[in-house]
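Here is a short briefing on one protein chain. Look at the sequence and the model first, then read the notes by topic.

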Amino acid sequence: MSLAEAIRIRFLNLMRVKQISQNYFCKKGGIPKSTVSQVLNGTRERVAIKTVYEMTATMGVSLSEFFDDPIFDEVTD
């Protein structure tokens with residue numbers, strides 16, 4: 001699994017648990033809708049750590065909490 005795919009899956013899981021929509025990132029975090037869509041739809045091959053930080057901060061999740069998930073053990077690239 002690619003790192004971008006693991007990040008996408010982790011965000012989707014957290015969004016489901018926290019009941020957050022894609023629009024939440026745009027409205028609350030000021031993150032461009034195109035960026036959020038590309039990350040969550042898997043059309044970005046690489047996701048900048050700054051983008052991950054902005055999205056996790058908007059959700060109230062620390063980077064260490066975000067990356068402390070078994071999904072990242074499956075990353076092969």
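Buried means under 20% relative accessible area, exposed means over 50%, and partly exposed is in between (1.4 Å probe, protein chains only). Helices (H or I, at least four residues) are DSSP runs, numbered from the N terminus. This is a predicted model: local features need pLDDT of at least 70, side-chain atom pairs count only at pLDDT 80 or more, and totals for chains, interfaces and linings use all residues. Residues are numbered from 1 along each chain as its sequence is written, and side-chain values use heavy atoms, with hydrogens and water left out.

**Confidence**

- pLDDT is the predictor's confidence in each residue, from 0 to 100.
- The chain has a mean pLDDT of 92, with 100% of its residues at 70 or more.
- Helix α5 (residues 63–67) has the highest confidence, at 96, and helix α2 (residues 22–29) the lowest, at a mean of 89.

**Helix α4**

- Helix α4 (residues 49–59) has these buried residues: Thr 51, Val 52, Met 55, Thr 56, Thr 58 and Met 59.
- They lie on the same side of α4, because they cover an arc of only 160° around the axis. The arc is that of the directions from the helix axis to the C-beta atoms.
- An α-helix has 3.6 residues a turn, so residues three or four places apart point the same way.
- Exposed Ile 49 and Lys 50 sit on the face of α4 turned away from its buried side.
- The buried residues of α4 pack against α1 (3–18), α2, α3 (33–41) and α5. Contact here means heavy atoms within 4.5 Å.
- Gly 60 follows α4 and has a positive phi, near 80°.

**Nonpolar core**

- A nonpolar core is a set of buried Ala, Val, Leu, Ile, Met, Phe, Trp, Tyr and Cys residues joined through side-chain atoms within 4.5 Å.
- The largest such core has 20 residues, of which Ile 7, Phe 11, Phe 25, Met 55, Met 59 and Phe 66 touch the most other members.
- α1, α3 and α4 each supply at least two residues of this core. α1 gives the most, with six.
- Not counting residues up to four places away in sequence, Met 55 touches Phe 11, Phe 25, Ile 31, Val 36, Val 39 and Leu 40.

**Arg 8 and Thr 76**

- Arg 8 is in helix α1. Beyond its neighbours within four places in sequence, Arg 8 contacts Val 39, Leu 40, Asn 41 and Gly 42.
- Thr 76 lies in the segment after α5. Thr 76 counts as exposed because its relative accessibility is 69%.
- The C-alpha atoms of Thr 76 and Leu 3 are separated by 7.6 Å, though the two are 73 residues apart along the chain.
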